[in-house]
Amino acid sequence: MKPDYSGRTVSTGAAGIRCACPRCGEGPLYQGLLTIRERCTVCDLDFSKLAADDGPAFFIIVVLSAFVLPSAAAVEMIFRPPIWVHMLLWPPLLVAGAIALMRPLKAWMIAQHYRHVLSTPDAPR
Ligand SMILES: [Zn+2]
């Protein structure tokens, strides 16, 4: 007999950081780098109804822009480096930051979708 996870609440932040199932908080959400599993291996939640859409990309753009653009402007004003220094410095930082933030932000958005839409009693099944 499987345990009942219906009344359990998992923090959406914790589910995002751990990249875990939004209902039980234990099963892995991903199968590979960014592919969502079909079902939770622990509580059998159907992940096919959960979607992050473009939300993670929006937050990544906002967060990275808020950090990288002022940093690039500060480096330019303080050191006045040639343009190739900027070309070597900022694009790899943007790519690495986007890759590092995509998994937890996508998991967080999916947990938010589950928490606010699919876990309610009148949610579409
Ligand atoms: Zn689960």
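Predicted model: local features only at pLDDT ≥ 70, side-chain atom pairs only at ≥ 80, totals over all residues.
Reader: What share of the 125 residues is buried?

Author: Count the other C-beta atoms, placed from the backbone, within 10 Å of a residue's own: 20 or more is buried, 12 or fewer exposed, in between partly exposed. Buried residues make up 16% of the chain.

Reader: How do the axes of α2 and α3 cross?

Author: Axes are lines fitted to C-alpha atoms, for helices over the stretch in contact; angles run from 0 to 180 degrees between N-to-C directions. Helix α2 covers residues 55-79 and helix α3 residues 83-118. Their axes come within 8 Å and cross at roughly 150°.

Reader: Is that crossing left-handed or right-handed?

Author: Left-handed means the near helix is turned anticlockwise from the far one by less than a right angle; right-handed means clockwise. The α2 and α3 crossing is right-handed.

Reader: Which residues of α2 and α3 meet?

Author: Two residues are in contact if their C-beta atoms, placed from the backbone, lie within 7 Å. The α2 residues include F59, I60, V63 and L64. Among their α3 partners are W90, L93, L94 and G97. An α-helix has 3.6 residues a turn, so residues three or four places apart point the same way.

Reader: Where is the kink in α2 centred?

Author: The bend at a residue is the angle between axes fitted to the seven residues ending there and the seven starting there. In α2 the kink is about 30°, centred on S65.

Reader: Which residue with a positive phi follows α2?

Author: Most residues other than glycine have a negative phi. R80 follows α2 and has a positive phi, near 50°. R80 sits in the loop between α2 and α3. With 8 C-beta neighbours inside 10 Å, R80 counts as exposed.

Reader: What is phi of D44, and where is its place?

Author: Phi of D44 is near 65°, again positive in a residue other than glycine. D44 lies in the loop between α1 (12-18) and α2. D44 is partly exposed, with 13 other C-beta atoms within 10 Å.

How values were computed
Residues numbered from 1 in each chain as written. Helix = DSSP H or I, 4+ residues; strand = E, 2+ residues; numbered from the N terminus.
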